[in-house]
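Here is a friendly tour of a structure for you to follow alongside the sequence. Please keep the 3D view open as you read.

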Amino acid sequence: MAFAPMGPEASFFEVLDRHRADLLAALRTGGGEHPGRGTRLASSPEVLASIEHVIQDIITSLARNEAPAFTLDDRASWGNMKFEDSVGLQMVSHCTTRKIKSDSPKSVKKFALILKILSMIYKLVQSNTYATKRDIYYTDSQLFGNQTVVDNIINDISCMLKVPRRSLHILSTSKGLVAGNLRYTEEDGTRVNCTCGVTAIAVPSNIQGIRNLITDAKFLLIIEKDATFQRLLDDNFCNKMSPCIMVTGKGVPDLNTRLLVKKLWDTFHIPIFTLVDADPHGIEIMCIYKYGSMSMSFDAHNLTVPAIRWLGLLPSDLKRLNIPKDSLIPLTRRDQTKLDSILKRPYVTCQPYWRKEMEIMADSKMKAEIQALTFLSSDYLSRVYLPNKLKFGGWI
Amino acid sequence: MVLKKFLKEIQSILPGLSAKLTWTSEEGSYSQDVSGITTFQMIFEADENSRTLMTDCLVIKHFLLKIIMVHPKIRFNFNVKINGILSTEIFGVENEPILNLSNGIALVVNCQHYVSRPKFGITESCCNRIHPVLGHPVTLFIPDDVAGMDLLGELILTPAAALCPSPKAFSNQLNRISSVSIFLYGPLGLPLILSSREQPITTFFKDTSYFIDWKKYHLCMVPNLDLSLDRDLVLPDVSYQVESTEGDQSQNMDPQGQTLLLFLFVDFHSAFPVQQMEIWGVHTLLPTQLSAILVQNHRVVQDSIQFAVDQVLEQHHQVSKAHQKLQASLSVAVNSIMSIVTGSTSSRFRNMCFQALQAADTQEFRSKLHKVFHEITQHQFHHCSCEVKQLTLEKKDSVQSTEDAHENSSLELLAETRGQAEGKRLERGGLRVQEMRALLSTGAASPSGAAPRRPEPTAAPLTPSGGESGAAHGGASPGGGLERRFTSVLVVSSLSPLCVLLWRELTGIQVRRRRGRGGEGAGIFGRGSKTDAPFLWLSQAHPCSP
């Protein structure tokens with residue numbers, strides 16, 4: 001493409017190209033996604049009808065002199081999860097539920113808050129306007145208490161109505177950033193060019209609305225931390241490795257960042273790699289991109305990208321690169337617990353190399369941040385580590 | 001000798017009495033009928049002007065009320081005869097719910113005895129019972145300089161605190177405390193009457209923060225000296241009004257606020273069998289020495305009282321919070337539903353909603369929605385803890401025995417009727433109620449004889465009175481002798497042996513058996529006198545009487 005800066009020679013991407021071919025082959029042979037499952041974008045009349053149906057049930061209960069209650073799928077139980085290699089974590093079809101009763105001191109407030117947010121959603125959908133989760137919180141911050149309460153209820157409603165958050169006309173302010181060989185048009189017609197500069201572009205809040213996506217990128221690199229992302233921008237990594245795309249969710253990714261990654265995968269089927277700290281938290285974040293989170297498992301089909309690979313920082317790299325112990329950090333008890341928890345998850349069984357890396361970490365009882373590579377040189381990450389990994393297929 | 005001494009001090013036990021009492025009974029006896037109930041009567045006379053006499057009657061009434069609050073088996077028939085005009089009042093708490101506290105005290109928990117009816121009746125959502133919480137018993141060190149306290153035992157203070165009226169969970173907005181009432185009881189649950197109501201409150205109770213840290217509840221206490229005798233409530237020994245520390249004057253004496261009830265039970269225990277004279281000795285000394293003892297034991301007393309108050313106020317706080325939460329939640333839920341229903345463009349949806357609640361329009365739908373929501377949730381939340389417990393008790397009523405009553409739970413409520421409260425047993429090694437009962441039973445079996453372990457059981461040196469003696473023995477009518485006087489008459493009847501002991505030891509008045517039927521008893525009481533039962537009469541003769 002005309003806007004693509006000069007990157008490495010074509011031979012640099014040979015392994016990447018082969019990897020992409022393998023991914024495409026896997027998709028063709030049926031190991032790919034199952035579009036159409038999970039939540040689906042619902043039309044406004046459908047959402048309104050769904051909410052009216054919920055209200056009808058409540059009125060009917062009251063008319064029968066019965067205390068109304070919401071029945072919500074239990075999104076916090078591993079027992080309700082199933083793992084499918086091609087999709088990630090999904091909710092089982094007949095999962096256990098929990099009741100939010102109106103006659104229980106413990107749940108009456110949540111019952112009321114669900115109704116409150118349902119009524120707000122109803123108005124948003126009716127008037128075809130959008131609000132962020134933050135907007136909703138600030139309509140009555142004292143009532144809601146904190147943003148997490150609002151976020152959880154919105155997810156519960158999304159799960160209960162079986163419609164994605166976008167269809168509820170609720171947006172979230174994206175915290176993610178994107179940079180690199182990517183252009184697109186937003187729903188309102190705004191054209192966005194993410195071609196690398198010194199600043200990145202915020203992940204749009206309406207991922208479903210973006211269109212005309214254009215890229216020549218050979219790969220997409222997901223970077224866990226904003227600091228590393230910015231360092232790579234400063235090191236002109238996007239141009240040196242051009243054509244490529246970089247994305248960061250600044251820690252645990254929000255829905256929009258995950259939706260963008262999913263959209264880029266669905267649209268271009270380019271290899272996607274993750275660069276995370278060699279610690280349990282980093283692995284957890286990588287798993288969210290790849291297999292999804294438990295709380296959003298009801299919408300896994302729209303959010304997960306099982307084709308994602310772990311590029312670095314691998315625990316085995318620490319020994320291979322002779323990173324001195326001074327640059328490593330002992331695992332805390334919390335890290336140990338998290339690591340044990342990840343090792344027990346269903347998707348680890350189909351990732352033997354991941355398991356091996358995690359066992360190395362568990363055995364060494366040490367973790368490392370990406371910044372540990374600066375011990376070797378300040379630009380070791382962008383100049384040596386990543387190019388070598390990409391060139392020679394150092395992902396798992 | 002002890003009883004003589006006690007008798008001499010009867011005026012100080014009831015400091016509010018201004019009349020000089022003259023006991024017209026000389027000796028007495030008591031007996032139990034087949035139901036285990038002992039009735040007796042006492043009469044005493046006083047020459048006094050009518051205004052003083054009325055005050056005295058009120059003092060006696062409150063004294064009786066205070067007794068029955070912890071001795072619910074007792075029923076007092078209080079008759080006053082002035083110049084031949086008889087008025088009768090009955091004090092009893094039969095069939096009222098009581099709570100057997102783990103310190104062996106049976107406390108009447110009916111709210112109406114502690115707060116006035118307007119306050120009590122302002123909301124249906126108040127529980128009509130109090131829910132006392134016991135503090136831990138503390139042993140009181142008796143200072144050396146406390147005269148006459150050379151005792152082979154120890155004093156134990158057990159506080160109990162409760163809010164009155166007690167709000168049901170999720171049921172009302174009574175979330176302010178407007179007053180504090182303190183009730184003092186001595187050994188065996190006998191009322192402790194401080195030296196004089198007219199005098200300033202004793203040291204310990206004068207400084208309100210001396211025993212409870214009110215600041216942590218943002219409360220400010222001021223003593224309330226305006227205690228009217230002319231109420232049908234148990235008169236507290238000490239009372240405080242609450243002022244807000246923030247200077248919120250609107251909270252002062254808020255008639256809709258709650259009263260914090262604080263019962264202080266001071267009991268006497270010994271490793272050895274306690275002689276009754278010791279009990280009475282303690283009881284006569286406590287009204288004057290209690291303050292000094294409490295001051296001496298300030299820290300432990302404060303800890304124990306604070307614990308009980310903390311428990312009660314924490315419950316109170318939780319109930320208030322829960323109530324507010326429910327109200328706020330219901331309001332949010334109703335408004336949200338209304339927002340959807342009224343905002344909907346689907347007539348089918350709106351019609352269905354209206355039909356379900358049989359509402360003709362939006363306004364009616366809203367009111368019905370709120371009403372039904374409220375009713376359903378209130379139905380779920382309105383179970384008061386005592387109701388739940390009582391239900392449980394009713395279920396196992398058939399197999400329930402005194403074991404339940406002895407259960408060491410400070411909150412175990414027993415909707416006890418007379419005759420059921422067998423187990424008011426003091427926990428420690430003092431003179432146990434049951435021991436006393438056994439002791440008295442022995443006496444009852446031989447009413448003419450002395451109880452073996454009781455000194456001078458029947459030979460109380462009451463002032464002999466021929467007329468009264470005659471009345472007691474069915475002889476010449478005492479009424480005839482009293483008809484020409486201003487006379488007040490106290491009749492105590494339907495008592496268990498314990499009550500007989502309690503009464504006679506408290507007042508020094510002997511019980512005697514009424515042998516005859518009808519006769520002079522009817523003459524004195526005029527109507528409905530139980531002349532086949534023993535009576536104790538208390539009569540006063542007015543100096544102006546002819």
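## About the model

This is a predicted model, in which local features need pLDDT of at least 70, side-chain atom pairs count only at pLDDT 80 or more, and totals for chains, interfaces and linings use all residues. Residues are numbered from 1 along each chain as its sequence is written, chains are lettered from A and ligands numbered from 1 in the order in which they are written, and side-chain values use heavy atoms, with hydrogens and water left out.

## Where chains A and B meet

Let's start with the interface: 30 residues from chain A and 29 residues from chain B take part in the contact (heavy atoms within 4.5 Å). Together the two chains bury about 2300 Å², with 76% of it on carbon and sulfur atoms; buried area is the accessible area (1.4 Å probe) that two parts lose on being put together, summed over both. Of the area that chain A buries against chain B, 24% is supplied by Gln56(A), Ile59(A) and Leu62(A), more than by any other three residues.

On the side of chain A that touches chain B, α2 (44-63) and α3 (108-126) each supply at least two residues, and α3(A) gives the largest share, 11 residues. Helices here are DSSP runs of H or I with at least four residues, and strands are runs of E with at least two, numbered from the N terminus.

## A mixed sheet and its helices

Within chain A, six strands make an open, mixed sheet in the order β10-β7-β13-β12-β14-β15 (two strands pair if DSSP finds at least two bridges between them). β10 (201-202) and β15 (309-312) of chain A each have a single partner strand, so one side of each lacks a neighbour in the sheet. β14 (residues 272-275) of chain A pairs with β15(A) in the parallel sense over three bridges, and Thr274(A) stands opposite Trp310(A) in β15(A).

Helix α9 (residues 255-268) of chain A lies across β7, β12, β13 and β14 of chain A, at about 160° to β13(A). Axes are lines fitted to C-alpha atoms, for helices over the stretch in contact, and angles run from 0 to 180 degrees between N-to-C directions.

## Salt bridges

Over all chains, the whole structure holds 22 salt bridges. One of them joins Asp73(A) to Lys162(A), with the closest N and O atoms 3.2 Å apart. This pair links distant parts of the chain, 89 residues apart: Asp73(A) is in strand β1 (residues 69-73) of chain A, and Lys162(A) is in the loop between α6 (147-161) and β6 (170-171) of chain A.

Key
Salt bridge = Lys/Arg side-chain N within 4 Å of Asp/Glu carboxyl O.
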